[in-house]
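Okay, thanks for coming, everyone. I've got one structure to walk you through today, so let me put it up on the screen.

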Amino acid sequence: MVSVVQNVAIDCADAYGLARFWSEVTGSPQDPQDRPGDRETQVLLAEGPVLYFNQVPEPKEIKNRIHLCLRPETSREREVERLLGLGATLVGDHRNPDGSGWAVLADPEGNEFCVLRSHSDRAATGS
């Protein structure tokens with residue numbers, strides 16, 4: 001017997017607002033029943049588990065122990081720029097001159113996530 005991952009839970013101060021941000025990041029819809037002010041919301045990913053946002057009273061204080069890694073359909077550089085435009089912030093830049101590496105961003109509530117190289121980025125450098 002095994003367990004199946006149902007969702008990835010993300011604690012936050014504004015469940016609906018953060019779900020809206022991640023809906024734009026992933027291009028996936030929020031649960032149609034979710035409304036502004038809801039304490040629990042979801043983004044319904046096309047594949048894999050649901051992103052579940054749970055409103056909590058305490059603020060985020062330290063680095064995430066678990067985080068999402070995104071592989072964009074476009075180039076990593078274009079996706080980082082798009083995400084910054086949506087309200088993300090650059091936390092750490094681990095991109096290398098040879099094209100390898102990743103960028104660490106944070107969502108509007110400070111939850112870190114990585115942007116990896118796209119498949120086309122990887123094919124262009126042969127790695």
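**A walk through the fold**

Let's start with a sheet: it's an open one, three strands in the order S1-S3-S2, and the pairing is mixed. So who's at the edges? That's strand S1, residues 7-12, and strand S2, residues 40-43; each has a single partner strand, so one side of each is left with no neighbour in the sheet. Going from one strand to the next, the twist averages 25°. And just to be clear, what you're looking at is a predicted model.

Now, how do S1 and strand S3 pair? They run in the parallel sense, with six bridges, and S3 here is residues 50-55.

Okay, zooming out to the chain. We've got three helices and seven strands, and if you read along the sequence the pattern goes β-α-β-β-β-α-β-β-β-α. What about the overall dimensions? If you box up the C-alpha atoms along the principal axes, you get roughly 45 × 35 × 30 Å.

Of the 127 residues in the chain, 39% are buried. The accessible surface comes to about 8,000 Å², and carbon and sulfur atoms account for 52% of that. As for contacts, take the ones between residues at least 6 apart in sequence: 50% of those join residues at least 24 apart.

You'll find Asp121 in helix H3, residues 119-125. What does Asp121 touch, if we leave aside its neighbours within four places in sequence? Ser75 and Arg76. With Arg76, have a look at the backbone nitrogen: the side chain of Asp121 reaches that atom at 2.8 Å. And for Arg82, Asp121 is 39 residues away in sequence and 16 Å away in space, going C-alpha to C-alpha.

That's my tour. Shall we go back to the picture?

How values were computed: Residues are numbered from 1 along each chain as its sequence is written. This is a predicted model: local features need pLDDT of at least 70, side-chain atom pairs count only at pLDDT 80 or more; totals for chains, interfaces and linings use all residues. Side-chain values use heavy atoms; hydrogens and water are left out. Two strands pair if DSSP finds at least two bridges between them. Helices (H or I, at least four residues) and strands (E, at least two) are DSSP runs, numbered from the N terminus. Axes are lines fitted to C-alpha atoms, for helices over the stretch in contact, and angles run from 0 to 180 degrees between N-to-C directions. Buried means under 20% relative accessible area, exposed over 50%, partly exposed in between (1.4 Å probe, protein chains only). Contact means heavy atoms within 4.5 Å. Accessible areas come from the Shrake-Rupley method with a 1.4 Å probe; for residues, only the protein chains shown count as cover. A polar contact is a pair of N or O atoms within 3.5 Å; within protein, one must be able to donate a hydrogen and the other to accept it, and residues adjacent in sequence count only if both atoms are side-chain atoms.
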